[in-house]
Each structure stands twice: as C-alpha cells, then as structure tokens.
Amino acid sequence: MAKVKKAFITGISGQDGSYLSELLLSKGYEVAGFVRRNAALDFGNANDIKEEVKIYYGDLHSPESIALALYDFKPDEIYNLASLSSPLGSFSDKMGAIMVTGVGALNVFERARQVVPEAKVYQASTSEMFGAPKQVPQDENTPFCPANPYAAAKEFAHRMAVIARNDKKQPQFISCGILFNHESPRRGLNFVTRKITSAVACIKNRKIEGVPLNEIGDSIVKNGKVKLGDLDAKRDWGYAPDYVELMWLMLQQEKADDFVAATGEIHTVREFAEEAFAVVGLNWKDHVEVDPLFIPPVQTGPLCGDPSKAKKLLGWEPKTRFKDLVRIMIHSDLAKFS
Ligand code: NAP
C-alpha cells in the first residue's frame with residue numbers, strides 16, 4: 001500500500017492555507033497546520049476542518065516551535081504560507097513584515113533543513129516583488145524591484161530559498177510560487193476586493209448592525225458609501241482554489257523551480273467595483289469614495305502575470321475568470337452579511 005503523504009502548512013488559518021488543506025485532504029494526505037497560540041479557539045478559515053487536521057501551536061518568530069512541530073510530524077511536504085500579507089499594512093509595521101514574512105520564512109527553511117532535510121518546501125512568493133515593472137506581463141525572469149516592506153521581506157525569503165536550492169553541499173528542495181493576486185470569499189476584509197464585495201452586500205441588504213470594520217476600525221460602509229484607495233491600480237486577479245492546485249503540483253516535481261501563477265488578465269480597482277455593484281443592479285459611482293488614507297505611499301503595478309511556464313511544464317491553468325470571481329465573492333457576501 002502506498003505511504004500516506006504528510007503535509008505541514010504554516011498559515012493554515014489563512015485564505016490559501018484553508019483551501020490547500022481541503023485539497024490535500026481530498027487527495028488522502030495527512031495534514032498538519034501551524035496556528036498562533038492566541039488563536040486557540042478560532043482557527044479562522046480553517047475552523048471547518050480543524051477536526052481533520054493536526055494543529056501545532058507556534059509562531060514563525062519562534063524557530064523552536066517550528067522545529068518541535070517538524071520533529072513531531074515529520075512531513076514530506078511543507079507549505080510556508082504564513083505571512084503578514086497586507087502590502088499597505090506593512091508600511092505601518094515594517095519590522096513585523098521583515099521578521100515574520102522574511103526572517104520567519106528563513107526560520108522555516110533552516111529548521112526544515114535540520115529536522116526533515118528530505119521534505120519538499122513551497123515558499124509563497126508574490127507578484128508584489130516586481131514593484132512597478134516596466135515589463136508587462138511579468139514572468140519568472142522579470143527583475144524584482146519591491147516597493148513596499150512586505151514585498152522586500154518576500155524578496156529576501158525568495159532569495160534565501162534560491163540560495164538553499166543551489167547549495168552544492170546540501171541542496172534543499174524549495175520551490176517558490178510567484179503568485180499574482182488571488183481572491184475568494186475567504187479573503188481578509190482588509191484587501192480591496194473583499195472590502196468591495198462585503199460593502200456591496202451590506203449596501204444591497206441595507207445592513208445596519210454587524211457591518212464589518214475596515215483596517216482602521218471604521219465601518220466598511222458609512223452612509224451607503226465605501227472608502228477605497230487608488231481606483232486606477234491595475235491587478236491580475238485570480239481565484240484562490242485554482243492557485244493552491246499549482247502549489248501542490250509544484251511539489252510533485254523532481255526538481256525545485258519557480259513558477260508564476262496568474263490569469264494574464266488585467267483590471268483596475270474601478271473595474272472590480274463597477275462589476276461588483278453591477279451584479280446587484282447598483283451603480284458603483286453612487287457608492288464609492290476615494291480616501292487617500294488607503295493609498296500606499298509607494299504604488300505598485302501594473303501587475304499582470306504570464307503563467308505560460310506553469311502551463312507548459314505543469315499543465316496548470318486558472319479555471320476561474322474575472323467576472324465569475326466577482327460573482328462568487330458577491331454571492332457569498334450577500335449570504336454572509338444578510
Ligand atoms: P492570509 O489569509 O493573510 O493568511 C496569512 C496566514 O499567516 C494566517 O493564517 C496568519 O495567522 C498567519 N500568520 C501571520 N503571522 C504569523 C506568525 N507570526 N506566525 C505564524 N503564522 C502567522 O494570506 P493568504 O492570502 O492565504 O496568502 C498566503 C500566502 O501567500 C501569504 O504568505 C501571502 O503573503 C502570499 N501571497 C498571497 C497572495 C494573495 O493574493 N492572496 C498573493 C501572493 C502571495 P493568523 O490567522 O493567526 O493571523
């Protein structure tokens with residue numbers, strides 16, 4: 001009988017961690033996840049599967065907690081998804097970004113090298129590492145030029161992964177997924193897409209109590225309006241469940257490598273808002289206000305990816321397109337904020 005594979009996921013309570021867990025469980029994996037101790041009663045997006053996965057308490061700040069979990073679970077695959085993942089938020093917590101998203105990733109690579117050297121590692125890199133690129137679309141060879149602390153920390157982790165992979169004495173299997181924005185009903189409310197879809201739902205449902213808060217602690221909707229940042233920001237938005245399939249595929253290869261995951265389609269935040277309000281028969285212009293508070297001090301983009309390498313070598317393609325993504329998120333939020 002084939003050995004049951006074991007996967008260890010940092011950031012299991014996040015958007016991607018929860019979808020990836022579901023995918024791996026459906027493939028018969030034994031799955032364990034790393035959860036911060038202050039989340040003892042709330043596993044976020046992983047609440048529904050918490051009985052099916054093994055939970056280890058720990059923090060990327062703590063190499064010891066990583067080592068103990070790896071020593072006990074002995075995974076075949078490690079997916080390092082934990083991060084402080086808001087580019088805008090990273091300007092007000094630069095040290096947090098560097099220590100968790102950058103040094104934290106190195107903690108995972110190093111403990112994996114010492115405790116489970118045969119394990120294959122996935123590192124969650126990001127299109128934000130391209131900054132404001134001249135080349136559109138971007139691929140695996142586009143130069144990095146991070147424009148926010150989050151992206152700088154991710155680039156550090158990415159470079160350390162490549163160094164570990166190329167180490168002649170003890171090469172480590174670490175593959176980096178350079179993922180462009182991917183969204184879903186599980187996306188954090190501090191990200192613009194989810195902010196828009198939750199606002200649309202609250203406005204459409206005329207919700208007054210229980211309206212979610214934005215990243216500065218204000219109601220996402222006030223007087224029928226939602227405050228957004230740069231409406232001209234250009235992004236390539238895909239659907240998270242499609243993207244976790246690529247993560248898994250990358251670790252089924254013989255050789256570690258880097259892959260871009262993207263749809264190759266580009267849209268502005270304005271277009272996202274227009275489409276989202278149109279789904280419920282409203283005009284976005286009546287409900288969107290720009291607030292400079294939500295515009296980052298250094299802007300990035302246009303971010304649009306070329307996923308040809310993933311298609312050619314792994315047979316991966318995103319299945320869900322922009323309009324369907326918006327609809328999925330709107331319908332979920334209409335039910336959630338009813
Ligand atoms: P997410 O929903 O924000 O999840 C981040 C996860 O990291 C959460 O489970 C969080 O736990 C955990 N975490 C934060 N700080 C930690 C720490 N000090 N120790 C241990 N865990 C910690 O992010 P996501 O959207 O699923 O993204 C997954 C990964 O892909 C992230 O690394 C992100 O930067 C990267 N990425 C995402 C996108 C995207 O568009 N979604 C694009 C490119 C790259 P708590 O619940 O306790 O906070």
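Let me start at one pair of strands: strand S6 (residues 174-179) and S12 run parallel and are joined by four bridges. Two strands count as paired if DSSP finds at least two bridges between them. Within this pair, Leu179 stands opposite Ala261 in S12. Strands and helices here are DSSP runs numbered from the N terminus, strands being E with at least two residues and helices H or I with at least four.

A word on the source. This is a predicted model, where local features need pLDDT of at least 70 and side-chain atom pairs pLDDT 80 or more, while totals for chains, interfaces and linings use all residues. Residues are numbered from 1 along each chain as its sequence is written, and side-chain values use heavy atoms, without hydrogens and water.

Now the whole sheet. It is open, has seven strands with parallel pairing, and its order is S3-S2-S1-S4-S5-S6-S12. Strand S3 (54-57) and strand S12 (258-261) are at the edges with a single partner strand each, so one side of each has no neighbour in the sheet. On average, neighbouring strands are turned by 20° against each other, direction ignored.

H1 packs on this sheet and touches strand S1 (6-10), strand S2 (30-35) and strand S4 (77-80), contact meaning heavy atoms within 4.5 Å. The direction of H1 makes about 175° with that of S1; angles run from 0 to 180 degrees between N-to-C directions, and axes are lines fitted to C-alpha atoms, for helices over the stretch in contact.

Last, helix H1 (residues 15-26) also packs with helix H6 (residues 240-250), at about 65° and with axes 9 Å apart. Residues meeting there include Tyr19 and Leu23 in H1, and Val244 and Trp248 in H6.
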